[in-house]
Amino acid sequence: HVPAAWMSMLLYLVMAFWAAIGWAFNARLASMVARAIAPTGAMFTFLALWTGSLWGRPTWGTYWVWDARLTTTLFLFITYIGYLAVRRLGGTQRQRARRSAVLALLAVLQIPLVHFSVELWRSLHQEASVANPNARVELDGLMLFSLFLGVVTFTLFYVWLLLHRQRVLALEDTVADRGLDAAIRERRNEAVG
């Protein structure tokens with residue numbers, strides 16, 4: 001649960017960064033990276049919400065409560081879905097990149113809200129246990145190792161997904177720009193050379 005939640009917030013920051021670079025410098029590759037990150041970020045956010053509800057059932061007696069951390073994470077998930085929807089709206093690649101970059105940059109303000117929601121409002125959700133000097137809960141060594149192993153594993157999985165997603169998006173852009181035959185020919189030339 002925790003590695004998925006960390007990745008959901010981290011990926012939104014990374015996505016907003018690349019969207020801003022793409023918008024500011026009209027860099028198509030940066031916009032493509034942001035576009036490639038969004039589905040993975042949405043997946044990790046959904047995974048955090050789903051595993052959190054499974055974790056919450058024995059802890060709180062219910063799968064969902066309108067707790068500050070849960071609600072702000074749900075809004076983060078909705079924002080990812082909104083970003084993906086804006087990317088699918090009509091217009092040129094540049095127009096879609098600009099609109100989605102504006103949305104990503106406006107919504108990036110919710111990341112500190114998600115992270116600090118436990119401290120800002122009374123919450124059922126546990127406070128941070130790692131890198132928190134005031135933590136009332138200390139993690140066992142094996143649990144801490146498992147947590148960091150999960151973070152490393154999810155990070156590597158994200159990089160793998162990003163690389164493959166970016167290749168698919170590049171091919172889709174080529175198809176949209178030049179047609180299917182040119183895209184296949186270009187892809188075959190890359191494979192040979």
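**Entry 1: the whole chain**

I began with contacts between residues at least 6 apart in sequence, and found that 68% of them join residues at least 24 apart. A reminder to myself: this is a predicted model. I then listed the secondary structure, which comes to 7 helices and 0 strands. Read along the sequence, the pattern is α-α-α-α-α-α-α. For the extent, I took the C-alpha trace along its principal axes and got about 60 × 35 × 30 Å. Of the 193 residues, 36% count as buried.

**Entry 2: α2 against α3**

Next I looked at how α2 and α3 pack. Their axes lie 9 Å apart, at an angle of about 150°. Angles over 145 degrees count as roughly antiparallel, so α2 is roughly antiparallel to α3. The crossing of α2 past α3 is left-handed. I wrote down who takes part: from α2 the contact includes Ser 31, Ala 34, Arg 35, Ala 38, Phe 46, Leu 49 and Trp 60, and from α3 it includes Leu 70, Leu 74, Phe 77, Tyr 80, Tyr 83, Leu 84 and Arg 87. Sorted by type, the residues of this contact are 15 nonpolar, 4 polar and 2 charged.

**Entry 3: Arg 35**

Is Arg 35 buried or exposed? Its relative accessible area is 11%, and the cut-off for buried is under 20%, so Arg 35 is buried. I also noted its partners, not counting residues up to four places away in sequence: Arg 35 touches Tyr 83, Arg 87, Gln 93, Leu 169, Glu 172 and Asp 173. Tyr 83 and Arg 87 are also on the α3 side of the contact between α2 and α3.

**Entry 4: α1 against α4**

I moved on to α1 and α4, whose axes are 9 Å apart and meet at an angle of about 135°. That makes α1 oblique to α4. Here, too, I found a left-handed crossing, with α1 passing α4. On the α1 side I have Tyr 12, Met 15, Ala 16, Ala 19, Ala 20 and Trp 23. They meet Arg 98, Ala 101, Val 102, Leu 103, Ala 104, Leu 105 and Ala 107 of α4. The tally for this contact is 12 nonpolar, no polar and 1 charged.

**Entry 5: the buried face of α5**

Which residues of helix α5 (residues 110–120) are buried? I found Gln 110, Ile 111, Val 114, Ser 117 and Val 118. Looking down the axis of α5, I saw these buried residues fall within an arc of 145°, so they line one face of the helix. I then checked what covers the buried residues, and the cover includes α1 (2–25), α3 (68–88) and α4 (93–107).

**Entry 6: Phe 154**

Last, I looked up Phe 154, which sits in helix α6 (residues 141–178). With a relative accessible area of 23%, Phe 154 is partly exposed. Leaving aside neighbours within four places in sequence, I listed its contacts as Pro 3, Ala 4, Met 7, Phe 44 and Leu 47. I also took one distance along the way: Phe 154 and Gly 141 are 13 residues apart along the chain, and their C-alpha atoms are separated by 20 Å.

Terms used
Residues are numbered from 1 along each chain as its sequence is written. This is a predicted model: local features need pLDDT of at least 70, side-chain atom pairs count only at pLDDT 80 or more; totals for chains, interfaces and linings use all residues. Side-chain values use heavy atoms; hydrogens and water are left out. Buried means under 20% relative accessible area, exposed over 50%, partly exposed in between (1.4 Å probe, protein chains only). Helices (H or I, at least four residues) and strands (E, at least two) are DSSP runs, numbered from the N terminus. The arc is that of the directions from the helix axis to the C-beta atoms. Contact means heavy atoms within 4.5 Å. Axes are lines fitted to C-alpha atoms, for helices over the stretch in contact, and angles run from 0 to 180 degrees between N-to-C directions. Angles under 35 degrees count as roughly parallel, over 145 as roughly antiparallel, 65 to 115 as roughly perpendicular and the rest as oblique. A crossing is left-handed if the near helix is turned anticlockwise from the far one by less than a right angle, and right-handed if clockwise. Ala, Val, Leu, Ile, Met, Phe, Trp, Tyr, Cys and Pro count as nonpolar, Asp, Glu, Lys and Arg as charged, and the others, Gly among them, as polar.
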